[in-house]
Amino acid sequence: MIKVEHVKKSFGEQTILRDVNFTIQQGEFVGIIGTNGSGKTTLLRLISGVDPLEAGEIKIRDKRVTSYPRKELAQFLAVLSQDALPPVGFTVREIVEMGRYPFQNWLGEEAGSGVQLVETIIEKLQLQELSERTVDALSGGQRQRVALGKVMAQEPSILLLDEPTTFLDIGYQLQMMDYIRKWQDECGMTVVAVLHDLNLAAQYCTRLLVLHDGIIVADGSPHDILTIELVQRVYGTVPVVLPHPSSGLPQILLQPGMGE
């Protein structure tokens, strides 16, 4: 599905990514974690085809990502970032409808059930009462729900998430991730998520990739990755790692005074 081989990326004299390699299969929920500045967002932008590669190769469906026309790529790959909404003035319904753009002709017309799909998404995300409001009148959690509705309207088989919960309170963080996991369960979508919160990553991702010093230093399940030794090595602090009382998945507790 997604194959990353010997990828390198620099900005000026600073090398951000060097010799990055991994493969993601259809239907996986993969989290990319690492410290600030480790290249997580850069890697996601390379996978999405937004930024050019300096060296190496990224293939999606056995074809170089850079060889896809943008509109064709958008028919099966969508990106949800921290602030993914267009400028103020558009209504909730108009923004969700924007997700159908890759399937429209030059007249803005679409054959098929795009209108019904938009209605279904608005209902599924509980946006009915907000549908005619402009996005500048919404809270942060509501805005991110609308952004999710827009990418859902694309009906992607691959969803890239760039820290989509960073500016949300904990209730909206869980709501957002629950929506995404339920959506994935329903359609078998592949999800690749850059996440800052390690505990959130452990709860929702079935596999974690750890970026450190420009390379993947660890790749495995949350149980394999979220260990005291690895967290100390990558983040420079000695945590307490405990199993979640409900899921059994590892959860990180920080210890003041234990930073290096």
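In helix H5 (residues 140–153), Gly141, Gln142, Gln144, Arg145, Leu148, Val151 and Met152 meet Tyr172, Gln175, Met176, Tyr179, Ile180 and Trp183 of helix H6, where contact means heavy atoms within 4.5 Å. The residues of this contact divide into eight nonpolar, four polar and one charged; Ala, Val, Leu, Ile, Met, Phe, Trp, Tyr, Cys and Pro count as nonpolar, Asp, Glu, Lys and Arg as charged, and the others, Gly among them, as polar. The model is predicted: local features need pLDDT of at least 70 and side-chain atom pairs count only at pLDDT 80 or more, whereas totals for chains, interfaces and linings use all residues. Residues are numbered from 1 along each chain as its sequence is written, and side-chain values use heavy atoms, with hydrogens and water left out.

Helices and strands are DSSP runs numbered from the N terminus, with helices (H or I) of at least four residues and strands (E) of at least two.

**Helix packing**

Two packed helices are described by the angle between their axes and the distance between the axes. Axes are lines fitted to C-alpha atoms, for helices over the stretch in contact, and angles run from 0 to 180 degrees between N-to-C directions.

| Helix pair | Angle | Axis distance |
|---|---|---|
| H5 and H6 (residues 170–187) | about 15° | 10 Å |
| H4 (residues 114–124) and H5 (residues 140–153) | about 145° | 10 Å |

H5 and H6 are therefore roughly parallel to each other, a term for angles under 35 degrees. H5 passes H6 in a right-handed crossing, and H4 likewise passes H5 in a right-handed crossing; a crossing is right-handed if the near helix is turned clockwise from the far one by less than a right angle, and left-handed if anticlockwise. Leu117, Ile121 and Lys124 of H4 make the contact with Gly149, Met152 and Ala153 of H5. The residues of that contact comprise four nonpolar, one polar and one charged.

**The six-stranded sheet**

Strands E6-E7-E8-E3-E9-E10, in that order, form an open sheet with mixed pairing; two strands pair if DSSP finds at least two bridges between them. Strand E6 (77–80) and strand E10 (215–220) are the edges, each pairing on one side only. From one strand to the next the twist averages 15°. Within this sheet, strand E3 (residues 29–33) and strand E8 (residues 190–194) are parallel and share four bridges, with Val30 having Val192 as its bridge partner in E8. H5 lies across E6 and E7, running at about 170° to E6. Helix H1 (residues 40–47) lies across E3, E6, strand E7 (158–162), E8 and strand E9 (207–212), at about 155° to E7.

**The four-stranded sheet**

A further open sheet has the order E2-E1-E4-E5 and antiparallel pairing. Its edge strands are E2 and strand E5 (63–64). Strand E4 (residues 55–60) pairs with E5 over two bridges in the antiparallel sense, and Lys59 stands opposite Arg64 in E5. H1 packs on this sheet as well, touching E1, E2 and E4, and its direction makes about 60° with that of E2.

Strand E1 (residues 2–11) and strand E2 (residues 14–24) run antiparallel and are joined by seven bridges, with Ile2 opposite Ile24 in E2. Two residues lie between the strands of this hairpin, where Gly12 takes a positive phi near 65°.

Definitions and conventions. Parallel < 35°, antiparallel > 145°, perpendicular 65-115°, else oblique.
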